[in-house]
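Colleague: Could you walk me through this one? I am new to it and would like to start with a single pairing.

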There are 2 protein chains.
Amino acid sequence: MELRLALLGFGNVNRALARLLLRKADALRAAHDLTLTVTGISTDSHGRCIDPAGIDLKAALDAYAERALERLHRGAPTPDTAAFLQAVPADLVVEATWMNPRTGQPATDLVRAALGRGLHVVTANKGPLAYAYRELSALARAKRLGFFFESTVMDGAPVHAFGREGLPVSVIRRIRGVLNSTTNSILTRLEQGVPFAEALQEMQAAGLAEADPSNDIDGWDSALKITVLANVHMGADLRPADVERTGIGGVTIEQVQAALKEGRRIKLLCEAWRDGEAVRARVAPVALPLDSPLAHVMRTSSAVTFEADTLTELTIIEGDSSPDTTAFGVLADIVNIARGRHLA
Amino acid sequence: MELRLALLGFGNVNRALARLLLRKADALRAAHDLTLTVTGISTDSHGRCIDPAGIDLKAALDAYAERALERLHRGAPTPDTAAFLQAVPADLVVEATWMNPRTGQPATDLVRAALGRGLHVVTANKGPLAYAYRELSALARAKRLGFFFESTVMDGAPVHAFGREGLPVSVIRRIRGVLNSTTNSILTRLEQGVPFAEALQEMQAAGLAEADPSNDIDGWDSALKITVLANVHMGADLRPADVERTGIGGVTIEQVQAALKEGRRIKLLCEAWRDGEAVRARVAPVALPLDSPLAHVMRTSSAVTFEADTLTELTIIEGDSSPDTTAFGVLADIVNIARGRHLA
């Protein structure tokens, strides 16, 4: 079986995917009789290319570095991503573009357009799920297309596969998670006596926090993630603004250390739970007892706990993450669509 | 779709499954268009029954209590389980019988016979996997039959689904786990200053340890489990006797408490790793640092960590387990076979 891939965005994640595709080409054929051919790459700032015969990924990585993806293009030029999406000869779109976390755009429109054209979609973007999961998953189902998104929460850790494959006919009652690296790392540094501003600067200097860190610090990124989990696994139809939200801006060294003395550790906890027929969600700093697995998630690792009517409590912890682990989640989705996992 | 189930054994697990089937019948139809009908139940001490029209599970639970499953039987009697297995009109066999942990029998022969007859198999029994995984999985594959076993390690927690669905084209380099409740509970009590013999008696009184606990204490149960994980997920062909094994019989209160003072906790650790082309495995008490997720697995919970070339470190922790969670793993397997997960 051959699947032709169109990559939207060629940032850290899709470049890591390109390297992974090169490294795993033989394993994909041997284990799944699957050949993955990239037929198009679209970026806003580094050019676009389409080649129906397949793009040499090593050449694409080089061309990207020179902001000159066009030199790999064959055929009539495509002026923008929307035109690219209509023109590219592909079976599956990998959407890993920039997204406005307050609107989920333009990622949501791109996913809708790809599904509308009859292409499978794998997205690494929380936006389409936090703002339009119900609509997009219904559209995919109606067209019998794959619409998978493993890398949206906890990078490549198979959190969504867990729900899909491991918890059939289960009612998930509660989901709790520690899902944001920046806030988690800052809280760890506070424990060690490093002041908030200094801890944040360290992370920015190391490229682990953004220049404007408010999205993380204020809990908005966490709100997006718990919205995704609630919508996908609890049948909710939340938006990030529905999540009751307190960031870590007010947390002090004294609070963190006092909690530790009482056998507790403050974490920015994401939580979704059933309240009668409704599903509610919140994000807030919570002092977790040290016997909770979520209390031990440090630095850039992350964890989520599912409580269901069938399994009492199930926790998944991911070790330190990187664009490589995110790209692996994308590849796992592609393989699972090729296996037809979206059909039943 | 209808699947007819034959249950081998009607102990804690299959009786919990019967109750779960009653509770989830509507959800199975709604979510998976799946009707599960039990057409036969075979036990050695409580009788056997076959009814091609389907057995009333409430009546079966009552009849079992009276050791009189025969009264639900329709047709010619079957003298033993082997005859039952040939006669029962079924599509899928749920194997949850007693097993000799030193030979994997008679479970292994029963699984072989069921697959040989062309029936899907779901087993909750480690034996067939620890002693004959390679043979039985090849047999199932050749006949395009499902052969799933989620409940063999960590009860219903989707450990095997994790490998199958979450880690495609990955090379698993190392698996570590804390997988035995009896030893884990005893080690917890030693921490609290309760002597070994007393802790063991408590567990026996509560029905959580067997009258002859050597299988757990000596690490043999753990050796079976790491053998299963290595064979299924690392392509190994180990037998339990190949596992280097030290039990917890020599562990003292003093050792456990001294380790805690150094920020470590002694756990009976199961481990499998690659050594060149080979896979090696061992079971031994190990003082784990408290920042390891495996150090926080207490009482009857359990955990496993996978290290792969694609995901650095992925840990699954199951909360306290019971026959209900084991039965759920069996049901998840049945659903996943109905969805064709064994075919690709």
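Colleague: Which residue is the bridge partner of Arg274(B) in β10(B)?

Modeller: A word on the basis: this is a predicted model, where local features need pLDDT of at least 70 and side-chain atom pairs count only at pLDDT 80 or more, while totals for chains, interfaces and linings use all residues. Residues are numbered from 1 along each chain as its sequence is written, chains are lettered from A and ligands numbered from 1 in the order in which they are written, and side-chain values use heavy atoms, with hydrogens and water left out. Strands β9 (residues 264-275) and β10 (residues 278-289) of chain B run antiparallel, joined by 12 bridges. In β10(B), the partner of Arg274(B) is Val279(B).

Colleague: Thanks! In the open sheet of 12 strands, which strands stand at the edges?

Modeller: Strands here are DSSP runs (E, at least two residues; helices are H or I, at least four), numbered from the N terminus, and two strands pair if DSSP finds at least two bridges between them. The order goes from β8(A) through β12(A)-β12(B) to β8(B), with mixed pairing. Each edge strand has a single partner, so one side of each is left without a neighbour in the sheet; these are β8 (244-245) of chain A and β8 (244-245) of chain B.

Colleague: Which residue stands opposite Thr315(A) in β12(B)?

Modeller: Strand β12 (residues 314-318) of chain A and β12(B) run antiparallel, with 5 bridges joining them. Opposite Thr315(A) stands Ile317(B).

Colleague: What rotation superposes chain B on chain A?

Modeller: The copies are superposed by least squares on the C-alpha atoms of residues with pLDDT of at least 70 in both. The RMSD is 0.0 Å and the shift along the axis 0.0 Å, with a rotation of 180°. That is the relation of a two-fold axis.

Colleague: Which residue of chain B comes closest to that rotation axis?

Modeller: We go by the C-alpha position here. At 2.4 Å, the residue is Ile316(B).

Colleague: How much area do chain B and chain A bury between them?

Modeller: Buried area is the accessible area (1.4 Å probe) that two parts lose on being put together, summed over both. Of this area, 61% is on carbon and sulfur atoms, and the total is about 3,500 Å².

Colleague: How many salt bridges does the rule find across the interface of chain B and chain A?

Modeller: The rule asks for a side-chain nitrogen of Lys or Arg within 4 Å of a carboxyl oxygen of Asp or Glu. One example joins Arg339(B) and Glu165(A) at 3.7 Å, N to O. Across the interface, the count is 8.
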